Structures are given as C-alpha cells and as structure tokens.
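This report walks through selected features of one model, with the criteria behind each term given where the term comes up. Please keep the coordinates open while reading.

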Amino acid sequence: QLCPLYHGPLFSTDPCTVGESWKPWPRTRRTVRGCLECVKRLLFRVGDDWYFLFFLGVIMALISFAMDFTVSRLLNAHKWLYRELGDHLLLKYLSWTMYPIALSAFSTGFSQSITPHSGGSGIPELKTILTGVMLEEYLAIKNFGAKVVGLTCTLACGSTVFLGKVGPFVHLSSMIAAYLGKIRTSVSGEYENKTKQNEMLVAAAAVGVATVFGAPISGVLFSIEVMSSHFAVRDYWRGFFSATCGAFMFRLLSVFSSEQETITALFKTSFKIDFPFDLPETFFFMALGTGVGAGLLCAVLSFCQRWRLGYVRRNSLTAKLLAADKPIYSSLVALLLASITFPPSLGHFMASRLSMKEHLTSLFDNQTWGILSQNASLARPLQVDPKNLWLEWWEPRITIYGSLALFLVMKFWMLILATTMPMPAGYFMPIFVYGAAIGRLVGEGVALLFPHGIQSDGSVNTITPGGYALAGAAAFSGSVTHTLSTALLAFEMTGQIAHILPVTLAVLVANAIAQKFQPSFYDGTIIVKKLPYLPRIRSRHIGSYSVTTRQFMNPHFAVLAKGAGFEEILRVVTSTDDLEYPIVESAESLILVGMVQRATLVRYLQTHDEATPGEKEPEEKSHSNGTLGDDCTIEPITLQLSPWTSLHQAHNLFELLRQGRGTETSRSGVGRKGWGRQLKAAIEDLANPKTLT
C-alpha cells in the first residue's frame, strides 16, 4: 500500500511502500537499481543469447581442462607406485588392480548415492529429452557434482577400464545450459519456454564434444547427427559460437599451462602431404569400411553390446548386484579387466602400459612398424618411451600383427563388459581407438603385401599405415554412432586433411553397412533402457503409408466439457489415471477446445467444494460452483491429426514438433487420442509383425 511521506530532512518525497521506507538508504538503492537496469539494457541490446552461450563454452572448457589435469596427476601417481615397487610381482599386481578397483567403486558409489541419473553416457537420455519427453531431474544441477567427481575417477582408471568422457561431457554441458537458461529467465524476465530450452540443449551438446577434442566444427555436426532428427537452421549459429568459444579456451589453457607452445591439434600427425596415398589404395580403404574392418564388425559389436546390457538386467546375480550393490559389481568388473591387462601377463601383448591418449598417438604413427621391427637389436624399454611408443606393440613371439590382432580380440568383449558398469563414462573415445587399431592392422597388412610401395606411373610410393589408422578410427566410430561427421572430427583432432577422400569414403561405406543391420550404439541403449523415445522408421517397405491414425490411436478416453462442474470432474479424475484430458465445447458438439492437465484438475478439486447453495453465503457460491472453463487453465492443442493421416506422416509430425501426444479430430469432433508410445508400438508391430499360431 502506497503512502505519501512528508518532505523533511529524513524523508523522501517519492511515494514508497511502508516496508520500503524502513530500509536504509532508499535513494541510493534506487539509484543503483536504475544503473543496473541501464547496464542490462545496454548489454542485452545485441541479445542475451550471446553472453550465456559464451559463458557456457568457457565454463565447460575450464571443467574439461581441470579434469584432464587432475586425471593426468592421478595416472602419474599410479605409474610411480607401480614403478617404485620394483621386482615384487605380487605387490605390483596388487597396485595394478587395486587402484582401478578403488576408483571405479568410489565413482559408482559416490555418483549413485547422489542421483541414479549420473551413471552411463547421458546421450540416450538427452536424445529422449530433445524429442519432447521431459525426464524428471535429469538436468538438475545437483547431478553436476556427482557426474564430475564420478567421471574423474573413471578416467583415472586409465586404459585398464578403457572408457572415455565424451558422453558425460555432453550431459554436463546440458546441465549447465539448463541452469544458465533459468538464470537468463530471472535476469531478462522472459517466460522460459521449451523452444528456448531445446536451443540451449542443442548448443550444449556441441560444446560437450568441442571441449573434449578441441574440435568446434565437427562438434556441432556430430551433435546435430546424434541428437536431432530435425534441426532448425536458426540454432546453427548458437552451436558454432558456443563450441568455438569452448574449444578455443580449452586449447588456450594448454598453452598457458606450458603443455604446448601454441594452439595445435590434439593428436598432431606428420603424414606426408605431397603424395599421401595412391589411387590403387582406394580399394583397401573401401575394404576397411566393409566387412574387413568397420562395417560388419560394428554391427556385431552393437548387437553384442545390446545383448550384454539386457543379459545383466535379466540374470539374477548381476541384477541383484545392480539393484543393491552397484559398487561391488563395478569392483568385480574392474578386477577382471585389470587382471587381464596386467603387464607381466597378457597385458604385455596388448600395450597395456599406454594410456588412452598414448594408444591413439602410437596408432597414428607415420612409420611402418613392420619395417622397424626387423631390427634384431630392439628391446622393449623398462619404462614407456614417449618417442618410441610403437615399441609397446612389439613382441618378437607374436610380431606386430599378432599384438594388434590380440588387442582387437580382447578389447572387443572387454569394452562390451565395461559398458555395463553403472558409473559415469563415455564410450566414443574407446570406439575411436578401437577403430584406429583396426585401421593400423589393415595398413600394416597392406605394407606387408607391398613392402616397396605401390608402383604407379613409373614412381613408387610407400604405404603409410597411419593413414589407414585415421580412416579406421573415423569409419568405425561413425558406423557405431551412425554419423558422418567423425571424418571431420578425425581431421580436426589430427590436423591432417590429406586423406580426406579415402577417409570419407571409408566412413560412407561403413555407415551404409552398419545402418542396414543394427541401430546405433545410443539407440540400442535407448531400446535396452526402454526410454520413451520415438524410433525411426528404418525401412520404407513396412507399410507405414497404408496404416492410418484410426488404426492405432486410442478411441476410449475420458472427455470433459468446458462447463463441467465439481461432481463430473471428481468422477473423471477418480475413475481414470490419465495425465491430461481433452476439453470439448459441450457434450453434444464434441468440438475440441484444448487440453487440461490432471494436476490442474486436482487443484480445482482441492480449492472447490461440493456444497449446496443453502450452506454457503452468496459471495461464496461462485467460488464453490465454478466450472472447469472458468477456473482451470486450458492449454491449446498443438497437433491435431485427421483420421486418414498415415502412420508415416504422423511419425514425421511427432518428430518435427517434438510432441508427446496428438489428437485425432473430424467433423463430428474429437475422436481419438494418441501418444508417442502408441505410435512407437505401431511402428514396432509393422517392423516385427506377430505371427498367428
């Protein structure tokens, strides 16, 4: 209530509230508030999105650099402990195994104790959110600390557990973007709508990839391919701007910390530029993308990974551990993986002393290992030599080719087993390294077949196995994730673009084969977790054009008239469990007006009474006998379908509008109501028709 104050030495002539007048220095506070409003208007004149996208990129770059710094220190501590134990084999085994066991158990226990949403990659859940389905508390800021601490411990396990950080960083970036969106809403005073939130989440996915590899362009394209079925061009600049800020800051921090002299590629290579490959080698690059390398092997990996995830949920022992004792499950898996990779045993033949980054650096080596290994005076050093990482792959008893083959065979099932561990972890980097090993093996094999190079037009050009490793990494990771941007990611990571044509060709061939047989790695996880995600129609021959909405949408549901009162609303709410109800103009016309949420009807029932007019005063009668249309918020219908709309058209509309439900209407009014799960069931029935017995 405003009150005029008399002019005097202690009072202001401006009207103010009674509570405001008792606060100290009212005039100074009004002046400061006015200055802040002026600054806000000047800063937001170019749009507030720029500032929040910049902060998103910088924050994620700082987190990525700090995490890499911490992980490197933890890995160095593990190496120091293992080295200082000398020749005590038992103590060395205990140090090699107990270190990742303790870290994996702590990662699982700490993250799961705070929130169950912190485990795994995070990309499948984010894909579900971007389709219009909101997963409760998945983007809550309280998950941030659990994800950061758990992921740091996971990466500190090293190549023993063989997991990465791309997926969790996309999740972390999404949480920061959602939190910044709430701050922007409070600062600008605008209403926070779902469109704005989705724009920030798409940009956040690009930032998550860019701040891991320092690759902004491929980060944007990868996020579009993985996250979105339809992408709005107006969001393009948001992803590029934020990803560029994040990648630039991430590489700049490496220079400031004296890790590098200037901003360079993360895995810089030294392939020959003048003649990187010969034309006949194109056949081998194509073979690398087919069954010889990435294509069919990716389909087998996707199938086995999905089967393994389902098996650990069905098996009584593993299901019990995952339900009640998740840290114990992670410890047992880490014990098995660490025992296999123990360097004096089987790990001696798998380059197990190398970290994930050293694995990739060695596989991209421009030298031919088959030629180098012919030197009889070679001996593996006692410690890893950073200048001769290829020696970790050299073992005279099985040769270079045997080491690479054993690495591929063992890491195939070890990676599948590691994906079942319920702790924060990414799976893109292990897949990328695995593909590089495939390419390296093929390249060394080609160099063995042509030891003096391929002769073309009178000149002899030597084989570069590192180029095959680059193509294998891009092709295999692209086929597993069903993306093509991994080719560009490989170029940005290595600073090498001389192999652009063969690498792109290998990625295309591998994708064509993988998409024919299996869903992507992330879609397979969605299937196993049974997330409410609308699947894609992968084939045009399942008859999706001949099925109409009236064949799969629900014709039996409760409808409320706009003039419904307390008794009718109470009857509908207590007799059904729907989350929302269609509202029609009247019971006779059935003209659709909108939808009302169940929570809104519950609040209506709590604030209204079923009272007779004689029991209430006249002024209370209107409140007690208010109708639904007068006292409830009716939401408009975004998606209305015709009874003759085909399944294929309905699927495209659900994906484009990111809707979770739609309503079928005709001249006679509302007829059927459909949800995303009904559309999903209809697609699955067409893809896998049930046989009559």
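## The three-stranded sheet

In this predicted model, three strands form an open sheet in the order S5-S6-S7, and their pairing is mixed; helices (H or I, at least four residues) and strands (E, at least two) are DSSP runs numbered from the N terminus, and two strands pair if DSSP finds at least two bridges between them. Strands of a sheet pair through backbone hydrogen bonds, either parallel or antiparallel. Strand S5 (560-561) and strand S7 (592-597) are at the edges with a single partner strand each, so one side of each has no neighbour in the sheet.

Strand S6 (residues 580-584) and S7 run antiparallel and are joined by five bridges, and Glu-580 has Gln-597 in S7 as its bridge partner. Helix H24 (residues 598-607) lies across S5, S6 and S7 and runs at about 75° to S7, where axes are lines fitted to C-alpha atoms, for helices over the stretch in contact (heavy atoms within 4.5 Å), and angles run from 0 to 180 degrees between N-to-C directions.

## Basis of the values

Residues are numbered from 1 along each chain as its sequence is written, and side-chain values use heavy atoms, with hydrogens and water left out. Because the model is predicted, local features need pLDDT of at least 70 and side-chain atom pairs count only at pLDDT 80 or more, whereas totals for chains, interfaces and linings use all residues.

## Aromatic pairs

The structure holds 17 aromatic pairs, a pair being two rings of Phe, Tyr or Trp (its six-membered ring) with centres within 6.5 Å, counted as stacked if the planes are under 30 degrees apart, edge-to-face if over 60 and tilted for the rest. One of them joins Phe-222 and Phe-428, whose ring centres are 5.3 Å apart with planes at 65°, so the pair is edge-to-face. Phe-222 belongs to helix H9 (residues 216-227) and Phe-428 to helix H18 (residues 428-449), so the pair ties together parts 206 residues apart in sequence. Phe-222, at 4% relative accessibility, is buried, and Phe-428 is buried at 2%, where buried means under 20% relative accessible area, exposed over 50% and partly exposed in between (1.4 Å probe, protein chains only).

The rings of Phe-283 and Phe-284 have centres 5.5 Å apart and planes at 70°, so this pair is also edge-to-face. Phe-283 is exposed, with a relative accessible area of 57%, while Phe-284 counts as buried at 18%.

## A ring cluster and charges over rings

Phe-162, Trp-369, Trp-393 and Phe-407 are linked into a cluster by ring pairs. Lys-165 lies over the face of Phe-169, at 4.8 Å from the ring centre.

## Positive phi angles

Phe-162, found in the loop between helix H6 (142-156) and helix H7 (166-188), is buried at 2% relative accessibility and has a phi near 65°, a positive value in a residue other than glycine. Thr-399, which lies in helix H17 (residues 399-418), has a positive phi of about 65° although it is not a glycine, and with a relative accessible area of 38% Thr-399 is partly exposed.

Definitions and conventions:
Lys NZ or Arg CZ within 6 Å of the ring centre and 35° of its normal.
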